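Hi everyone, thanks for coming. Let's take a few minutes to walk through a structure together.

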Amino acid sequence: SSQRRVVANALTWQWYIRNTVTSEVELVSAADGVVGSPGYWQAPGGNAVMSDDGRYVAFDVRPNGTTDTAVFVRDRVTHSTTRVTVRMDGTPTQGDAGVSGISNDGRYVYFWAVDSQLVPDDTNGCTVFRCGADPFVLDRATAEITRVDTTINGTRSRIALSSVMTPDARWLVWTSASNAGGYRGAYVTDSLTGSTEQVDVATDGTQARYSVSPMWISDDGQQ
């Protein structure tokens, strides 16, 4: 079967997919409805993720005329490019955002954002990263955005970042420095039950003494 990987072009700041079997290269960060023409992103973001079948690619970039990164999804079949990071009133978000995961069917997108206007009752009031950030999940079928509950020991985390997500969008990994010692810890939230567990702990229950950056979670969320 064909193998694909998402790569970035450091000269024009675009996202591409390269088929390592056929050597075919396809522009991903194209404008909506356009094939092969750049979407005029002026600078790169930091991440891109792809559904298992290669149809959907979520990526973060900094669009022309802005100073903030934003998250988009490209459907490689319909050639549509849609913005994920949109406020409740339909306007673009303010402050940076980054993508972390997309479900197998392309329906759910996992990302973090600084803006406090994506969901009701978000009280951080932030538009800059040093103020705060939260992990979110977008349901592209309903256009509903849900903020992941990042409460630790009764207190909401000030800066919590999305990390990775299982293909079915059930298990969400995120990090936060809002714990004892100020180290960045890793947490897993079950979006079905709402339960959250810290994973960077020793067998005796003590927390890791250094910051962690989780990179992977098994499909069933158990490892």
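Let's begin with strand 14 and strand 15, residues 171-176, which pair in the antiparallel sense over five bridges. Strands here are DSSP runs of E, at least two residues long, numbered from the N terminus, and two strands pair if DSSP finds at least two bridges between them. Across this pair, V164 stands opposite V173 in strand 15.

A quick word on the source: this is a predicted model, where local features need pLDDT of at least 70, side-chain atom pairs count only at pLDDT 80 or more, and totals for chains, interfaces and linings use all residues. Residues are numbered from 1 along each chain as its sequence is written, and side-chain values use heavy atoms, with hydrogens and water left out.

On to strand 5. Is it mostly covered or mostly uncovered? Mostly covered: seven of its eight residues are buried, meaning under 20% relative accessible area with a 1.4 Å probe, protein chains only. Strand 5 runs antiparallel to strand 6, and six bridges join them.

Finally, the largest nonpolar core has 17 residues, of which V109 and F111 touch the most other members. Strand 5 (56-63) and strand 6 (70-75) are among the strands that each supply at least two residues of this core. Such a core is a set of buried Ala, Val, Leu, Ile, Met, Phe, Trp, Tyr and Cys residues joined through side-chain atoms within 4.5 Å.

Definitions and conventions: Buried < 20%, exposed > 50% of the residue type's maximum accessible area, 1.4 Å probe, protein only. Helix = DSSP H or I, 4+ residues; strand = E, 2+ residues; numbered from the N terminus.
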